[in-house]
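This briefing is for a reader who is new to the structure shown below. Please keep the sequence and the model in view while reading.

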Amino acid sequence: MKYYTGAETSTYNLYFSYDGINYSEDIIKITPQSVFAWEEYEIVCDCTYVKIVSNSKEGYLGEVAFYDLYGNKLKLSAENAQAELLIDEQKTVPTEISYLNSAYFDEVYFPRTAYEHLNNLAPYEWVHPPLGKLIISIPIKLLGMTPFAYRLMGNIAGILMIPSIYILAKMLFKKTKYATLAGIIMAVDGMHFVQTRIGTVDTFLVLFILLEYLFMYKYIISKEKTLRVRLWALFWSGLFMGLAVAVKWTGVFAGIGLGIIFFTNIIIQLFVKKEKWKKEDTKIILYCIIFFVLIPLLIYFLSYIPFYILENSYIKDLGSFIKWQQAMYDYHHNLEATHPYSSVWYTWPVTGKSMLYWIGSTRSGETTTIALLGNPAIFWISVPCMIFTLIYTIKKRKFEYWFLIIAIVSMLVPYMKINRLMFLYHYFPILPFAMLAIVAFMSWLCEKIKSNIPIYILVAIIVITFIIFYPVYSGYPTSDEYLQSLKWLPTWIW
């Protein structure tokens, strides 16, 4: 038997009969393990009729299919209108159950909650702000609750991250070749590839963080431009900061980095370059209160609209809204769970411990796996490059290098004090800036030796490494022996 689950699961009793009147006293109980996923259960039974009874009013099955001993799908007929709903989409029953037709890993939380927001249901996942789930819900509203729909916005955001890092690198390092290198590095990284193909909210978070830093740097380098141009850059930076925080509270860490960069720039102007304070500078500070405080607060508050309109909602007024935020904080602060995929912050830059998102097999016996693992070449090279960037920053006092160091430190240091369960994907917001540290080193090296050969060598290494690990990232069917041969570190899991 194959069956497709919905937003709520139950246990189901199966009864069997030859005549449709007298059913056997022996029943089979099936217990679905996931939501919005195809599952299968082996039944050995000689019968003509099958009756399915849910043990809960909330139980949901979308479609069922039955097979004979030889694997041939049986033609089914329904005894009533309710049963007809279980067999009216037989063409959707997959030949093989895989990540292509079923939710996997944290998709059991975020797309499910997006679906619930659309249908005015109590949200299952509430420990993160709602904006990311609302973004996921847009294609679901238009295309239905399918894997393609609930992964679409994350995939688009992942694609947009590449031109975003290109533009930021172009502003930082001034040359097209370095901007192109940044785009290539992001495009062939395993973490970027895996995270932007799954229906979670992290991709939106990273895109918004990348954009808020891009516009902050645009503000810094537009010193000679008009006040209007500079304020527009700050507006967009504050807007994207607000969007990031409304996706995940991790956006606050990035916002702290923005503040450090903004005020560091002022300090440099006043005490290093000895510039006088102008009336224009006062206006900028006042506008920043609007852009980086009021607008983010408004975005955050409005993202909870699905909660306000929900029948019997927990959030009824400002007081209950604040209590809800306290409950979210308490959840994260007091979380004492354990998980085999958890890791500590200092292992993330070297992709020290992977996370298994999906594992399956094909009829031909090949293995399909999706594991969150950074491109080893990119991650391992980024560590000395970040150290170089820090040293070069201290030695040469180049602001574009300070910019990267502040971004990296502001988002990484808070995790040093967090004791709750953490995972490799928490490094995702920091990763673009680690990539830019690689570009910083390569730009220094290429300018020093007057040659682009190091870029060609680096691109060849990271592209080849990505190709080698492609089956690990993508779920591409391959032999188990090949997958095992790629476990270069004993802590890599798949």
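Asn120 is partly exposed, with a relative accessible area of 37%; here buried means under 20% relative accessible area, exposed over 50% and partly exposed in between, with a 1.4 Å probe and protein chains only. The model is predicted, so local features need pLDDT of at least 70 and side-chain atom pairs count only at pLDDT 80 or more, while totals for chains, interfaces and linings use all residues. Residues are numbered from 1 along each chain as its sequence is written, and side-chain values use heavy atoms, with hydrogens and water left out.

**Loop residues**

- Asn120 sits in the loop between helix 2 (110-118) and helix 3 (131-143); helices (H or I, at least four residues) and strands (E, at least two) are DSSP runs, numbered from the N terminus.
- The phi of Asn120 is near 55°, which is positive although the residue is not glycine.
- Most residues other than glycine have a negative phi.
- Lys174, in the loop between helix 4 (147-173) and helix 5 (176-187), also has a positive phi, near 70°.
- With 56% relative accessibility, Lys174 counts as exposed.
- Lys248 belongs to the loop between helix 8 (227-245) and helix 9 and counts as buried at 5% relative accessibility.
- Leaving aside residues up to four places away in sequence, Lys248 touches His128, Pro129, Val201, Asp202, Leu205 and Tyr425; contact means heavy atoms within 4.5 Å.

**The chain as a whole**

- There are 17 helices and eight strands in the chain.
- Taken along the principal axes, the C-alpha atoms fill a box of roughly 95 × 55 × 40 Å.
- The chain has 494 residues, and 52% of them are buried.
- Of the contacts with a separation of 6 or more, 73% are between residues 24 or more positions apart.

**Nonpolar cores**

- The largest nonpolar core has 144 residues; such a core is a set of buried Ala, Val, Leu, Ile, Met, Phe, Trp, Tyr and Cys residues joined through side-chain atoms within 4.5 Å.
- Helix 7 (residues 202-221) gives this core its largest share, 15 residues.
- The residues with the most contacts inside the core are Leu168, Phe173, Leu234, Phe433, Leu436 and Trp494.
- Phe173 touches Tyr178, Tyr401, Leu404, Leu436, Val439, Ala440 and Ser443, not counting residues up to four places away in sequence.
- Another core, of twelve residues, lies apart from the largest one and includes Tyr3, Leu14, Phe16 and Phe66.

**Helix packing**

- Two packed helices are described by the angle between their axes and the distance between the axes.
- Helix 13 (residues 376-396) and helix 16 (residues 453-474) have axes that come within 8 Å and cross at roughly 130°; axes are lines fitted to C-alpha atoms, for helices over the stretch in contact, and angles run from 0 to 180 degrees between N-to-C directions.
- Helix 13 is therefore oblique to helix 16; angles under 35 degrees count as roughly parallel, over 145 as roughly antiparallel, 65 to 115 as roughly perpendicular and the rest as oblique.
- Pro376, Ala377, Ile378 and Ile381 of helix 13 meet Leu458, Ile461, Ile462, Thr465, Phe469 and Tyr473 of helix 16.
- Helix 9 (residues 250-272) packs against helix 10 (residues 279-302) at an angle of about 175°, with the axes 13 Å apart, which means that helix 9 is roughly antiparallel to helix 10.
- That contact is made by Leu258, Phe262, Phe263 and Ile266 of helix 9 and Ile284, Ile285, Cys288 and Phe292 of helix 10.

- Three strands form an open sheet with the order 3-2-5 and antiparallel pairing; two strands pair if DSSP finds at least two bridges between them.
- Strand 3 (28-30) and strand 5 (49-54) stand at the edges with a single partner strand each, so one side of each has no neighbour in the sheet.
- Strand 2 (residues 12-17) is joined to strand 3 by three bridges, and Tyr12 has Ile30 of strand 3 as its bridge partner.
- Strand 7 (residues 355-361) and strand 8 pair in the antiparallel sense over six bridges, and Trp358 has Ile370 in strand 8 as its bridge partner.
- In strand 8 (residues 367-372), six of the six residues are buried, so the strand is largely enclosed by the rest of the structure.
- Thr367, Thr369 and Ala371 point one way from strand 8, whereas Thr368, Ile370 and Leu372 point the other way.
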